[in-house]
Amino acid sequence: MAFNDLLKQVGGVGRFQKIQVTLVILPLLLMASHNTMQNFTAAIPTHHCRPPADANLSKDGELDAWLPRDRQGLPKSCVRFTSPQEGLPFPNGTEANSTGATEPCTDGWVYDNSTFSSTIVTEWDLVCSHRALRHLAQSLYMVGVLIGAIVFGYLADRLGRRKLLILNYLQAAVSGSCTAFAPNFSVYCAFRFLTGMSMSGIALNTMTLNMEWMPIHTRALVGTLMGYVYSLGQFILAGVAYAMPHWRHLQLMVSAPFFAAFIYSWFFIESARWHSSSGRVDLTLKALQRVAWINGKQKEGAKLNMEVLRASLQKELTMGNGQASAMELLRCPALRRLFLCLSLLWFATSFAYYGLVMDLQSFGVSIYLIQVIFGAVDLPAKFVSFLVINSLGRRPAQMASLLLAGICILVNGVVPQDQSIVRTSLAVLGKGCLAASFNCIFLYTGELYPTVIRQTGLGIGSTMARVGSIVSPLVSLTADLYHSVPLFIYGIVPVIASAATALLPETLGQPLPDTVQDLESRTRGKPRRQQQEKQKQMVPLQASAQQKIGL
């Protein structure tokens, strides 16, 4: 029997799968909050220089006398007059405004607190010459996610999925909560880095643990469900941020619940598939029997024993004993093709995604409203993606989502700036396609890599995604050359990446590969006759195993 048959024997999608999948997925509600939280905690309110302490502001217009104006008639944010200018300032930058000497804001800034009572920008004055520090904080968070993907992806293949989830939940709870009490910007960045590491580990192990405990026909459903939970988290972020305009309160509110996840994660059952790929038949048997008992299949569980598992999982035990090295990704031709193609897909999806979602204030509407709209578009996008994934396959879904996203962004680059409704609509549509791409790439990657190196492969894929999210903000600097240059770059990358999916095999309805040999057999596409001969050779072995368990 294949491992999928063992899962069906102990209950298929039973009580255990429903409970554990639900509990494992729940923390994803807060992942969206941490990934894009700086749209709110690092929002830049309207601000201007604070006049000198000895300035007399009791008279009408005295404050305006200290503030130069730009060509739109708004106070400049980073300079003030060295002395108050007589008469009211002119909005066109002439007369008093053009002759008065200016100086930097040596006494600090005055912020508009009508929307945000406090952000890291207002608390630590991350504006003007220090404005780059705001982007540095988000980049360091993404660097943490990158490092976490490398470290925790590797450790999960060695230590197991459950242990890493327990560790990541605790790390997220502690580092996230400590961020809310950070006394200065440096400490804030350090804890955000640690939080990013934990978020990466949670995302990778959540997908893998759920996928390895579910039968083949339910994997796409579980992957889509995880995507919807993440999208729901974007609505939660908008609501919590609106209710808590102080950044410290918001940070604590989206971090403390991970303590609850840490507590109940001790009751998770480690992946039996991972145990078998590690050669631990005893732990595989223990896990399967425990699942059978929870699912009310005690008799079927009692029929399982070490001899039956060795016969049923002979391939995993003889060919997959031990874990494959990460160097196999470059050494083995079949793995090398997956590594290169999937790395490009991960990079392109994240690169374009964060290019759109991390600059919500540029839309000129309520930041809370645009957050809700960006979250709402995920619902139909992921539903359509789910239908395509289950009907046409993973490869068409991945190709179409990236291609359509790139086209939307490229078209947005040639739409006139004053067409705000059209530009916003195209951005929302592109974001929905990229969300669908994320939904598909997690599932597709997990199904392509064999069990012995699956978590490492997911970790490297996530690493490339973080490289994309780190590079993405730097591309926005090219707007100084021409305002649409960033959009052209954000659009062309996913279009090019969509072509790489043609080099990947389809996994719809296929069993998960356990070993590198399984992957090579799938890549070579053995003739049907050879497959039938192999199946005939396996019949006596399977019949013997079935007789032993009374089937």
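**Entry 1: helix α10**

I began at the N-terminal end of α10, which Asn184 caps: one of the side-chain oxygens of Asn184 lies 3.3 Å from the backbone nitrogen of Ser186. I counted a polar contact as a pair of N or O atoms within 3.5 Å; within protein, one must be able to donate a hydrogen and the other to accept it, and residues adjacent in sequence count only if both atoms are side-chain atoms. I note that this is a predicted model, in which local features need pLDDT of at least 70 and side-chain atom pairs count only at pLDDT 80 or more, while totals for chains, interfaces and linings use all residues. Residues are numbered from 1 along each chain as its sequence is written, and side-chain values use heavy atoms, with hydrogens and water left out.

I took helices (H or I, at least four residues) and strands (E, at least two) as DSSP runs, numbered from the N terminus. Helix α10 covers residues 185–213, 29 residues in total, and reaches 42 Å from its first C-alpha to its last. This is close to the 42 Å expected at 1.5 Å a residue, the expected span being 1.5 Å times one less than the number of residues. I found 23 of the 29 residues of α10 buried, so the helix is mostly covered (buried means under 20% relative accessible area, exposed over 50%, partly exposed in between, with a 1.4 Å probe and protein chains only).

**Entry 2: cysteines**

I searched the whole structure for disulfides, defined as cysteine sulfur atoms within 2.5 Å, and one was found. Cys78 and Cys128 form it, with their sulfur atoms 2.0 Å apart. The torsion about their S-S bond is about -95 degrees, so the disulfide is left-handed. The pair links distant parts of the chain, 50 residues apart: Cys78 is in the loop between α5 (62–66) and β2 (79–81), and Cys128 in the loop between α7 (120–124) and α8 (132–159). Cys78 is partly exposed at 34% relative accessibility, and Cys128 is partly exposed at 21%.

I then looked at Cys408, whose closest cysteine sulfur is that of Cys433, 5.2 Å away and too far for a bond. Cys408 is buried at 9% relative accessibility, and Cys433 is buried at 11%.

**Entry 3: Asp125**

In the loop between α7 and α8 I also looked up Asp125. Its phi is near 50 degrees, a positive value in a residue other than glycine. Asp125 is partly exposed, with a relative accessible area of 25%.

**Entry 4: aromatic rings**

I paired rings of Phe, Tyr and Trp (its six-membered ring) if their centres lie within 6.5 Å, with planes under 30 degrees apart stacked, over 60 edge-to-face and the rest tilted. The search of the whole structure gave 16 aromatic pairs. The rings of Tyr353 and Tyr354 have centres 5.2 Å apart and planes at 75 degrees, so this pair is edge-to-face. Both tyrosines, Tyr353 and Tyr354, are buried. Phe40, Phe116, Tyr242 and Tyr368 form one aromatic cluster.

I found the charged end of Arg192 over the ring of Tyr141, 4.1 Å from the ring centre (the criterion is NZ of Lys or CZ of Arg within 6 Å of the centre and within 35 degrees of the ring normal).

**Entry 5: Val415**

I located Val415 in the loop between α23 (394–414) and α24 (420–448). Val415 is buried, with a relative accessible area of 12%. Leaving aside neighbours within four places in sequence, Val415 is in contact with Val422, Arg423 and Leu426, contact meaning heavy atoms within 4.5 Å. Val415 and Leu426 are eleven residues apart in sequence and 9.7 Å apart in space, C-alpha to C-alpha.
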